[in-house]
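Hello,

Here is the model for you to look over. My notes come after it.

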Amino acid sequence: MHDDHSLMEGRLVRSLQRIGDSVYSDRVAIELAGWDVPGEPVPVAQGLTAQYTPVRVGDRWGPPWSTTWFRLRGTVPPAWAGRTVEAVLDIGFDVLRTGFHAEGMVYDPAGEPVKGLNPRNQWIRVGAPVRGGEAVELYVEAAANPLLLGGGGWDFRPSPLGDLQTCGAQPLYRVERAELAVFEAEVWQLQQDLEVLGQLAAELELSDARRWQILYAVDRALDRLDVRAIASTATAARAELAGVLGAPARASAHRISAVGHAHIDSAWLWPVRETVRKVARTASNVTSLMADYPELIYAMSSAQQFAWLKQHCPEVYANVAERVREGRFVPVGGMWVESDTNLPGGEALARQFSHGKRFFLEEFGIETTVVWLPDSFGYSAALPQLVALSNSTWFLTQKISWNKTNRFPHHSFRWEGLDGTRIFTHFPPADTYGSEVSGAEVAHAARNFSDKGVAGTSLLPFGWGDGGGGPTREMLARVARLRDLDGSARVSIEAPADFFARAEAEYADAPVWVGELYLEMHRGTYTSQARTKQGNRRSEHLLREAELWCATAAVRTGAEYPYPALDRIWKLVLLQQFHDILPGSSIHWVHREAEANYAAVAAELNDLIASAQRALAGSGPRQLMFNAAPHARDGVVALGAGAVTVPPGVEPSRDGADWLLENELLRVRIDTRGLITSVLDLAAGREVLAPGGAGNLLQLHPDTPVVFDAWDIDKFYRHTGTDLVDVESVTPADGGVRVVRRFGESMITQVVSLPAGGKRVDVDCHIDWHESEMLLKAGFDLDVTAGRSAAEIQFGHVYRPTHSNTSWDAAKFEICAHRWVHVGEPGYGVAVVNDSTYGHDVTRHARGGGGTTTVVRLSLLRAPRSPDPVADQGLHRLRYALIPGADILDAVRAGYAFNLPLRELSGSVEAVQPLVTVDNDGVVVESVKLADDGSGDVVVRLYEALGARARARVDTHFPHSEVHAVDLLERRREEAAVAVEADAAVLALRPFQIVTLRFPRHSA
């Protein structure tokens, strides 16, 4: 037999074009009018009553970020009686850019939401069937969102469209179509039949008989189809396909659980205000689709997005709530937003779960079990324990499929976290969170699944995402046809929790992956948009202080605890930890707003702290120092206040041309280039810097990643770089040495100082940064031989290699650390702490005469130009410090102290006693607060910080009735690590274990 498969497949492609054009038959124009909203979006009632002017097909509309309301009016022709009629509106859509540009929300004349409009969803059902003669009136709130990054086509050239202040006023879109049309359901069904079969055939080998069966059946169907009368011959054509569509799947076929989904970035290439509308459009689409497709189950994450619906679109929220009760609209994730997990602090990640899960419990009575983070840029080793402590069970992502160096070996496995907690985890092998349920995606999921032979099921989230949209009727048609189809995986709709329960039972001996899920990509997100990251770090520590001092004041003085304010502030900070805001990968508008929000948060929290401390201190002349850190310092008890005076820093002296800073612990030399050339640990009798090396060496590298400018740092940046050794001045400063440098278009002023009695070399940087596509690092050449570095993460630390023995090691050329990095050899270590830097690299270098130098570098600033062309430009203040002779506990102490400066206040009391004290410095108090339920109970969260087994006694200094361990939502849980002795809790902790204690209080 001749091989005609190319001809047959080509015929199918051309025929589908003709069939697609025939899904709508009879058409009449609809009257269109518009109103351009002046400024920001307006309430629906205002849009409905606006003064509309006529709009014609072909007219342009929509300057960037503007809103236009369209009014559609028409009459269904009487001759259409008994037929299905839809309004079709194309306001300039590009079907390849769904979610990335123009969108609309349809309302009826009463202001009730009908559904969303997007490039893959341009229709509004008028009637099925119609009577004929009906008047049609609809309103569309259309958003002229500009196309950025090529709408997912990845054009990373700088664009001014990412901010209202630079985007211009030229209309972006043109009305292409506005009509009433008869929807030919049988033609549409034929289109779905042929698309599914054609896509399936394309995935089968030519040697597979099934491919030829399909092609010949399609050929016969097209023989029966009259292209001059497609509507009247579609049924006959479909009859020819019934046999191949009815052939059951093979016994060994992979099983796919499909769930409707729309990944909606809470901000990215659009501001938060637009996400609010995206959520409403998508949710409206989903509830509308559910009326016609009762089998649809839809999963939506992010409590914040449900909260936006409730606040801004209560009608849609009511529909959603009804579908939630039916089990069809399924909340997942259990977090306030789909957060980044590299950068948020430990307490913040805990609050993502407590605020997220509490919302779903209070609104719907649902305990979410699936943690859903498909698109975050790597996953902290702290997550499994937090998942378990939130009373969640399973974890899902697909982002590790983006690895550029190593293929992850599993799709279903148990993920073991920092403390040994294991969570059953699944990576959808389709490698997408927004499937179309295409033949290629389904076949890829089956072929790509790594656990064949021992497991046979995977999850497939389907629906347009990133910018929303969700499932379509075409996707549901594909699912129906792929339920049991020869040559394909079996596809059926299933709720995520049902999938996970079955997948875990099927794979009881699933393999274990230990430690972080490091994404071998997007390493630049540890550094991009430094002001956003600094705002987050500062907000987290201010929240710690506010809760601590407000709780202490409430217990000690009866002061009112600011529950509403803290709840509101936490939710704003958690929102800004979304995985495209905090990582620095959004447009300028988003980061401009984030910086303003952080400034407002800081002002309000400082007021709360000052008010609480004033209540505790009273009025008087005694000078008090408040210490919010978990360790005593400078004579001030941890979590309390004392009357002490902190001495000033060491004044510099000259030694020839060099400057010296010296106290009883360290002698620091700064040369004429402004470099630290010696740090002598006087107690150890040891030089900290490597021979010929330097400390605080600034290095400037070209930073031009191949793609994903704000996201990526590519390793070739190391091929070239400039040591910034030219200096404008090196002069004494108050308590230190000031070094001023100019380079390129930028200027940096640093003060290097040494606290009196402190074993710490501080560097305070004021940077006026105006470089483009450059990376600024600060390095320390250390005389230690270290095969690994320790980096603080949430509730502990992780070790990473300093070498590149394997491809897994080599891929970690840029790492994330929170407040500190530590390197050491037996008997001696060094830490580098910071106040707002996350990106680091730690490497080892051979030196003449033998031995190795360990180089620790902080990534201070980047300057990517996409998606924000002015990212990081302007003024920055960054601080970091070198801690010689430090072990891990010293690093932990220094990290907290550096980020929680003492606060000075005059008052009448001699001291403020802490609410709790802990007798083991390795067991760290992460938060002290009052319980979220308003009961007045005191809640204390602690963790073991050294990676060792630990015993600790937690003594309280306030009346309470009992103590018990609780989960992250402050509900009682059994915890063998906690015992009660008198008024104290005695802890026996495993390495890195987190324990939350609740102390119900006696009435006063």
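The notes below cover the cores, the strands, the aromatic pairs and one threonine.

This is a predicted model: local features need pLDDT of at least 70, side-chain atom pairs count only at pLDDT 80 or more, and totals for chains, interfaces and linings use all residues. Residues are numbered from 1 along each chain as its sequence is written, and side-chain values use heavy atoms, with hydrogens and water left out.

Cores first. A nonpolar core here is a set of buried Ala, Val, Leu, Ile, Met, Phe, Trp, Tyr and Cys residues joined through side-chain atoms within 4.5 Å. Buried means under 20% relative accessible area, exposed over 50%, and partly exposed in between (1.4 Å probe, protein chains only). The largest core holds 233 residues. Leu 309, Phe 329, Leu 987 and Leu 997 have the most contacts inside it. Helix α16 (residues 588-617) gives the most to this core, with 11 residues. Helices (H or I, at least four residues) and strands (E, at least two) are DSSP runs, numbered from the N terminus. A second, separate core has 50 residues, including Val 650, Leu 782, Val 784 and Leu 858.

What does Leu 309 touch, leaving aside its neighbours within four places in sequence? Its contacts (heavy atoms within 4.5 Å) are Val 279, Ala 280, Ala 283, Met 300, Pro 314, Val 316, Tyr 317 and Val 320.

Next, the strands. Two strands pair if DSSP finds at least two bridges between them. Strand β20 (residues 457-462) has 6 of its 6 residues buried, so the rest of the structure largely encloses it. Both of its faces are covered. Thr 457, Leu 459 and Pro 461 are buried on one side, and Ser 458, Leu 460 and Phe 462 on the other. Strand β13 (residues 255-261) pairs with β20 in the parallel sense over 6 bridges. Arg 255 stands opposite Thr 457.

There is also an open sheet of 4 strands, in the order β45-β23-β24-β46, with antiparallel pairing. Its edge strands, β45 (903-907) and β46 (911-912), each pair on one side only. β23 (residues 622-627) and β45 share 5 bridges. Phe 626 has Arg 903 in β45 as its bridge partner.

Now the rings. Rings of Phe, Tyr and Trp (its six-membered ring) pair if their centres lie within 6.5 Å; planes under 30 degrees apart are stacked, over 60 edge-to-face, and the rest tilted. That rule gives 42 aromatic pairs. In one of them, the ring centres of Trp 336 and Phe 359 are 6.2 Å apart with planes at 80°, so the pair is edge-to-face. Trp 336 lies in the loop between β15 (329-331) and α9 (346-364), and Phe 359 in helix α9, so the pair ties together parts 23 residues apart in sequence. Trp 336 is buried at 3% relative accessibility. Phe 359 is buried too, at 11%.

Ring pairs also link Phe 100, Trp 154, Phe 156, Trp 268, Trp 270, Trp 402, Phe 708 and Trp 711 into a cluster. The charged end of Lys 278 sits over the Trp 270 ring, 4.2 Å from its centre. For such a charge, NZ of Lys or CZ of Arg must be within 6 Å of the ring centre and within 35 degrees of the ring normal. Arg 473 likewise sits over the ring of Phe 183, with its charged end 4.4 Å from the centre.

Last, Thr 67. This residue is in strand β5 (residues 67-75). Thr 67 is buried, with a relative accessible area of 1%. A polar contact of 3.1 Å joins its side chain to that of Arg 277. Such a contact is a pair of N or O atoms within 3.5 Å; within protein, one must be able to donate a hydrogen and the other to accept it, and residues adjacent in sequence count only if both atoms are side-chain atoms.

Best wishes
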